Amino acid sequence: MAPAMTVLAAWSAAKPGPLWLIDPDRLPLGRYQAAAEAYLSAGGQWALVGTSFAAYADLHSWCCEANRLTPLPLVLFPGSLTQLSPAVAAVLFLFLASGRNPHYLIGAHVEAAPLLHRWQMEVIPTTYILTGERPRAVHYITQTQPIPPDKPELLQATALAGQLLGQKVVYVDAGSGADAACPPEGIAAIRAVCSGPLLVGGGIRDPETAAALLSAGATFTVIGTAAEKYPFSRQAWEAFFSVCIP
Ligand code: 1GP
């Protein structure tokens, strides 16, 4: 039997489009199944799960129960070591390249490595770049400063450094609930030097903003807060999927 395709391989060949980010503190499991079915039926293939600060949810238990409810593959986007779980298809191993906090550059990784090795999970080395004008929870929790969004050359150099270090994915994040998404110019600058999957999130609320980012070279536009505002229906997701760049 042929081995199952890794998430990284699937992402590398994926059609650009939206990617759902679930904050388990904000999506009770009682509402998860219907929400996941709406996303799957619109064309969703994976969801990110994680948050910069989990006040209530036990991520591992949440993922175990979510897997029982729907077949949607979950990819962990961990905000801390306490969010690690083997009940996911893969984990983003986040190198917080925009910051200079050693915990998020190597400290957490050393602590996580034995567990991830024991669990034999797919680990996706990811250059994680924070940008944005206004500090969000992720900046406070990580005690790092964002890269100014109007500095595409800094965004580009940071992504390139991660690629030269061997990382496979870039995730540019303006922070959950950001006033504005990263400008397309910054994404185009990164795409000019990085060929792998490029995730862009933070402040994307409408398909038009997502379309501009996909045109600039994003692989996935990460949609978190917008999908929490109202029951995000199949039609709402289809509006985001319909702007996919062929
Ligand atoms: C945050 O990129 C994500 O880490 C999603 O941001 O909640 O603003 O969609 P939003």
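Q: Buried means under 20% relative accessible area, exposed over 50% and partly exposed in between, taken with a 1.4 Å probe and protein chains only. Is Gln120 buried or exposed?
A: The model is predicted: local features need pLDDT of at least 70, side-chain atom pairs count only at pLDDT 80 or more, and totals for chains, interfaces and linings use all residues. Residues are numbered from 1 along each chain as its sequence is written, and side-chain values use heavy atoms, leaving out hydrogens and water. Gln120 sits in the loop between α4 and β5. Its relative accessible area is 64%, so Gln120 is exposed.

Q: What is the phi of Gln143, and where does the residue lie?
A: Gln143 is not a glycine, yet its phi is positive. Its relative accessibility is 57%, so Gln143 counts as exposed. Phi is about 50°, and the place of Gln143 is in the loop between α5 (137–142) and α6.

Q: Which residue of β5 is the bridge partner of Leu96?
A: Strand β4 covers residues 90–96 and β5 covers residues 123–130. These two strands pair in the parallel sense over 6 bridges. The bridge partner of Leu96 is Tyr128.

Q: Which residue with a positive phi follows α8?
A: Helix α8 spans residues 207–216, and its buried residues include Leu213 and Leu214. Among the elements that cover the buried residues are β1 (17–22), α7 (184–191) and α9 (234–241). The residue after the helix has a phi near 125° and is Gly217.

Q: How far is an oxygen atom of the ligand from an N or O atom in the side chain of Asp173?
A: Asp173 is among the residues that come nearest to the ligand, out of 13 around it (one heavy atom within 4 Å). A ligand oxygen atom also lies 2.8 Å from a polar backbone atom of Gly203 and one lies 3.1 Å from a polar backbone atom of Gly202. For the side chain of Asp173, the distance is 2.5 Å.

Q: Which side chain makes a polar contact of 2.8 Å with that of Glu238?
A: A polar contact is a pair of N or O atoms within 3.5 Å; within protein, one must be able to donate a hydrogen and the other to accept it, and residues adjacent in sequence count only if both atoms are side-chain atoms. Glu238 lies in helix α9, and its relative accessibility is 30%, so it counts as partly exposed. The partner of Glu238 is Arg234.

Definitions and conventions
Two strands pair if DSSP finds at least two bridges between them. Helices (H or I, at least four residues) and strands (E, at least two) are DSSP runs, numbered from the N terminus. Contact means heavy atoms within 4.5 Å.
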